[in-house]
Amino acid sequence: MKKFLHGLPVLVLFLLPLAAYGQRRISADVEVKNVAGNSVVTTTKSVYCLGNGRLVVCNHKPVEYIMETNIGGETKVYFPKTGEVLADNQGLATSKDELLSIFLLGRIEDLGVGLYGYKLQKSETVEGGLTKRTYKSMDPTMPPYTEIVYGKDYLPIYSATLTEDGHVQTKVYYSQYRPVGYVPFPHRQTQISYNSPTDSTITRTIYTNVEVDGDSAMFDFKVPEGAKPIDLSGAEQKMR
């Protein structure tokens with residue numbers, strides 16, 4: 001990857017939000033495969049992210065629904081087939097969970113962990129000349145530590161969450177960086193979640209058809225008036 005673009009270091013470009021270039025919306029098609037034991041579940045969806053933190057997710061399968069949310073976790077989930085809607089402000093979803101939103105907000109350098117209250121604890125050079133940064137959380141509901149390892153081009157290539165005593169809970173690998181606008185974005189993520197010492201779940205996420213400043217009507221999606229409210233338990237069953 002080139003170290004300079006139009007006279008600016010890649011790191012500087014990487015830290016700037018796309019909105020700084022007038023690019024305030026970005027969309028992509030996403031395929032997520034979850035592998036647990038002999039079970040494989042594939043989810044396909046399209047995501048529409050705005051520079052103000054708004055996120056619209058059009059989930060195609062295995063269950064069809066449209067979700068709109070923001071950084072604050074104010075969420076509505078609409079089920080087109082039944083005309084039902086769930087409204088939730090308790091963290092059912094947030095745009096901070098979507099890497100493409102983090103990217104648009106210019107927070108991919110720390111993978112958005114700062115938005116969850118993590119503070120940089122230390123930065124060190126590790127084997128191969130790579131940089132590792134360790135972040136600490138004081139929130140008891142969050143993993144105590146997050147580590148991010150950066151390549152020589154300053155791009156995150158690996159992250160992990162750890163317990164207080166240093167045991168790894170999840171690992172995520174970031175690869176297939178390609179430019180989106182002026183900035184590199186990882187089009188592939190592979191997450192390993194350690195459910196127990198002998199059990200793990202692998203989640204592979206692939207982004208395609210990434211478009212900057214598109215004009216899809218989904219960016220402005222609103223739940224139709226007259227949608228029938230449903231309770232949280234009912235929505236959780238529908239989204240499975």
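Here is a walk through the structure, from its cores and strands to its salt bridges and surface.

What you're looking at is a predicted model, so local features need pLDDT of at least 70, side-chain atom pairs count only at pLDDT 80 or more, and totals for chains, interfaces and linings use all residues. Residues are numbered from 1 along each chain as its sequence is written, and side-chain values use heavy atoms, with hydrogens and water left out.

Let's start inside. A nonpolar core here is a set of buried Ala, Val, Leu, Ile, Met, Phe, Trp, Tyr and Cys residues joined through side-chain atoms within 4.5 Å. Buried stands for under 20% relative accessible area, exposed for over 50%, and partly exposed for anything in between, using a 1.4 Å probe and protein chains only. The largest core counts 36 residues, and Leu100, Phe103 and Phe185 have the most contacts inside it. Helix H2 (residues 99-104) supplies the largest share of this core, with five residues. There's also a second, separate core of 12 residues, and Leu50, Tyr78, Val85 and Phe221 are among them.

Helix and strand labels are DSSP runs numbered from the N terminus (H or I with at least four residues for helices, E with at least two for strands). Two strands are said to pair if DSSP finds at least two bridges between them.

Five of its five residues are buried, so E6 is largely enclosed by the rest of the structure. In a regular strand the side chains alternate between the two faces of the sheet. In E6, Tyr65, Met67 and Thr69 point one way while Ile66 and Glu68 point the other, and all are buried. On one side of the pairing, strand E5 (residues 55-61) runs antiparallel to E6 and is joined to it by five bridges, with Val57 as the bridge partner of Met67. Three residues sit between E5 and E6 in their hairpin. E6 also pairs with strand E7 (residues 75-79), again in the antiparallel sense, over three bridges, and here Ile66 stands opposite Tyr78. The E6-E7 hairpin has five residues between the strands, and Gly73 in the turn has a positive phi of about 85°.

E14 then goes on to strand E15 (residues 199-212): eight bridges join the two, which run antiparallel, and the hairpin between them passes through two residues. Ile192 stands opposite Ile202 in this pairing.

Now for the charges. A salt bridge is a side-chain nitrogen of Lys or Arg within 4 Å of a carboxyl oxygen of Asp or Glu, and the count comes to 10 of them. One joins Arg204 to Glu31, at 2.8 Å from N to O. Arg204 lies in E15 and Glu31 in strand E3, so this pair ties together parts that are 173 residues apart in sequence. Arg204 is partly exposed at 22% relative accessibility, and Glu31 is partly exposed at 28%. Another joins Asp220 to Arg25, at 4.0 Å from N to O. Here, Asp220 sits in the loop between E15 and strand E16 (228-229) and Arg25 in strand E3, 195 residues apart.

The Lys132 and Glu147 pair, at 3.7 Å from N to O, links strand E10 (residues 130-136) with strand E11, 15 residues apart. Lys132 counts as buried because its relative accessible area is 19%, and Glu147 does so at 17%. Both belong to a network of salt bridges that also includes Lys122 and Glu124.

As for cysteines, a disulfide is taken as a pair of cysteine sulfur atoms within 2.5 Å, and that rule gives zero disulfides. Cys49 is buried at 0% relative accessibility, and Cys58 is buried at 15%.

Finally, step out to the surface. Val35, Val40 and Ile202 form a nonpolar patch there, with about 210 Å² of accessible area together. Patch members need over 30% relative accessible area and no salt bridge, with like charges joined within 9 Å and nonpolar side chains (Val, Leu, Ile, Met, Phe, Trp, Tyr) within 5 Å; the areas come from the Shrake-Rupley method with a 1.4 Å probe, and for residues, only the protein chains shown count as cover. Val35 lies in strand E3 (residues 25-36) and is partly exposed at 31%.
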